[in-house]
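Student: Hi! Could you walk me through this protein?
Tutor: Happy to. Let's look at it together.

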Amino acid sequence: MSKNSRRLFIIIAALSVVWFACGEKTTKFIFKFNVGDEHRYQLIQDSTTATEFMGRKMEMPSTTDITLTQKVENVNQGEIHLILTYDSFDMEMNVGGKEIPGTMGEKMVGQSISMKLRENGEIIEPQGIQSMVALQGPSSDVSSMFFSLYPTFPDRELKVGESWTQNQEMDQTQMGVAIENKYTFARREDKNGYKCAVIDFTLTMNVESTGEAQMKIEGKGTGKGTIYFAYEKGLIVDSAVELDMAMAIATPLPTGDGKIPTTTHQTINLTLM
C-alpha cells in the first residue's frame, strides 16, 4: 500500500469514528402528560406467598387481572395527578388449598384511586409502607403496584448503554425502608407501534422495625425487570418485574417470642392496551 493510500485509509477511518460518535443519539426521558389524557392499561399480578406458623406451612397463590383507565387530572409545575379507574377486576386466591371467592374484585369495578408522580417518574404518592403492599403479596391497590413499574429518570440526556441509580429511604412509624433501583438504557426498539427505550432494572429493598414496636419485622427483597418507554410520547408501553421478598415477623406468643417466616414470589406486568 502506497503512502497516499495509507493516509487516505487513516483519514477515512478517523472520519468514521467521528461520524459514529457524533451520530449516537442521546435522549432525555420524561413523562409527557396533558390534562385530560386517557390511556387504558392491563395489569396482571401473579403471586405466591408461603408462611410457617407453629410448625404449620401454608401457601397462598393468587392471580389478579385488572384493566384500568389512567386519566390525567392535573399537571402543575412538573407534578402529575393521575386518576386510575378500574374497568375490570378479577382476582383468584387460594389459602391453604382452599379457594377464596373473588367477590372483592366485583366491588372494585368502577371505583377510582389517585396517584401522583413527577415528570421524571418519581412517585409522590403512595409512599412508605403503603407502597410496600406491591412487594408483599396480592393487592387491590393498583397505585401501590405502580411503585415497582414506573422508572425514575435522571435529569440529563442518556445514550444506549448508560446506567443510573435511585436510592430511597423511608422512615415510617416503627418501620424503616431502604430501596435501591439500578437502571440501564439497554437499547431502542419498536413495540406495539411506538419507538421505545428498553430499560432493564434491578432493585433491592431492606425493611426493619424501629422504635419499641411489639412486633419486630425484618425483610429483604430483590427484583429485576424490563420497561418499554415510548420516549417521543412520554408514556409506558410495557413494564414487567419479577420480585422475591423474604420477611421474618417476631411477635409475642403464649409460648414466648416466636418468628414467623414469610416469603413471596411474584410477577407484575403493566401493558398499554
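**Charged pairs and cores**

Tutor: Let's start with Glu180, which is partly exposed, with a relative accessible area of 26%. Keep in mind that this is a predicted model.

Student: Okay, which residue does Glu180 form a salt bridge with?
Tutor: Its partner is Lys182, and the closest N and O atoms are 3.9 Å apart. Lys182 is partly exposed too, at 43% relative accessible area.

Student: How many salt bridges turn up in the whole structure?
Tutor: A search finds six. One of them joins the side chains of Lys28 and Asp155, at 2.6 Å from N to O.

Student: Where in the chain do those two sit?
Tutor: Lys28 is in the loop between α1 (3–23) and β1 (38–53), while Asp155 is in the loop between α4 (142–145) and β7 (163–172). They are 127 residues apart, so the pair links distant parts of the chain.

Student: And is Asp155 buried or exposed?
Tutor: Exposed, because its relative accessible area is 68% and the cut-off for exposed is over 50%. Lys28, at 39%, is partly exposed.

Student: What about Asp87, who does that one meet?
Tutor: Asp87 and Arg40 meet in a salt bridge of 3.2 Å, N to O. Asp87 lies in strand β3 (residues 79–95) and Arg40 in strand β1, so the pair ties together parts 47 residues apart in sequence.

Student: New topic: which residues touch the most other members of the largest nonpolar core?
Tutor: Phe29, Phe31, Leu82, Leu117, Tyr150 and Phe229 do, out of 44 residues in that core. There is also a second, separate core of seven residues, including Ile179 and Met205.

How values were computed:
Residues numbered from 1 in each chain as written. Predicted model: local features only at pLDDT ≥ 70, side-chain atom pairs only at ≥ 80, totals over all residues. Heavy atoms only, no water. Core = buried A, V, L, I, M, F, W, Y, C linked by side-chain atoms within 4.5 Å. Buried < 20%, exposed > 50% of the residue type's maximum accessible area, 1.4 Å probe, protein only. Salt bridge = Lys/Arg side-chain N within 4 Å of Asp/Glu carboxyl O. Helix = DSSP H or I, 4+ residues; strand = E, 2+ residues; numbered from the N terminus.
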